[in-house]
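Let's take a friendly walk through a protein model, one piece at a time. Have the structure open and follow along.

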Amino acid sequence: MLRIAIDGPGGAGKSTIAKRVASELGLDYIDTGAMYRAIGLKIHRAGIPAEEGEKLEELLALTQLDVEGEKIFLDGEDVSEAIRTQEASMYASACSRLPAVRRELVAMQRRIAEGKGVVMDGRDIGTNVLTDAELKIFLTADPHVRAKRRYDQLLAAGKEADLETVYAETKARDEQDRTRALNPLAQAEDAVLLDSTDLTIDEVCARIIQLAKEREAQA
């Protein structure tokens, strides 16, 4: 069994690379970022302030979140497209600071990964969710490059976008993730650092697959 944890800031290419690595190695892919985006979307729709802890607990208790491949269902609604906006990204960052949300989703992520090989990407997989993962990767890139990638994704999806705005939002999301009190974004001590600024997706995937095969051989 091989579990690969891929952490890093937004726009580093985690999801794209994790999906491909999982496919090539025959492992299950788990997009934890999508889970936070879905919960953040629900909290935003409900208009519940972060300080209303009791109401949040009640909301989460009545929430059904299902992950089916790349599809995310929130209380039966397919929100796969709705959670891919820049606004949803900020909702995810905001709700990931809330202890009630983190407790619920971390427990769910651990259950999903129990007893099988997975590739899981997020912000605190190697440092909190799968601390005993066989391979940990911290994937990063220059903020300008990450913002440009996100900008290109939005345009490709037919959405309006302004590069300077996307860059500012990228920096704001980085700051939120790094400074939150609960499980902030950080590189695990035993994680391999990969900077994708000047690397192609193929090159990053090849490096991770090579590392994965080395870990399997060692085991």
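Helix α1 covers residues 14–25. (The expected span is 1.5 Å times one less than the number of residues; helices, H or I of at least four residues, and strands, E of at least two, are DSSP runs numbered from the N terminus.)

Which residues of α1 are buried? They are K14, I17, A18, V21 and A22. They cover an arc of only 130 degrees around the axis, which puts them on the same side of α1; the arc is taken from the directions from the helix axis to the C-beta atoms. On the other side, S23 and E24 are exposed. Here buried means under 20% relative accessible area, exposed over 50%, and partly exposed in between, using a 1.4 Å probe and protein chains only. The buried residues of α1 pack against β1, β2, β6, β7 and α9, where contact means heavy atoms within 4.5 Å.

## About the model

This is a predicted model, in which local features need pLDDT of at least 70 and side-chain atom pairs count only at pLDDT 80 or more, while totals for chains, interfaces and linings use all residues. Residues are numbered from 1 along each chain as its sequence is written, and side-chain values use heavy atoms, leaving out hydrogens and water.

Now find the open sheet of 3 strands, with the order β3-β4-β5 and antiparallel pairing. β3 (65–68) and β5 (77–78) stand at the edges with a single partner strand each, so one side of each has no neighbour in the sheet. Two strands pair if DSSP finds at least two bridges between them; β4 and β5 are joined by 2 bridges. F73 has D78 in β5 as its bridge partner.

## Charged pairs

Side chains of opposite charge can pair when their charged atoms come close. The whole structure has 17 salt bridges, each a side-chain nitrogen of Lys or Arg within 4 Å of a carboxyl oxygen of Asp or Glu.

One of them joins D124 and R102, at 2.4 Å from N to O. D124 lies in the loop between β6 and α6, and R102 in helix α5, so the pair ties together parts 22 residues apart in sequence. Both D124 and R102 are buried.
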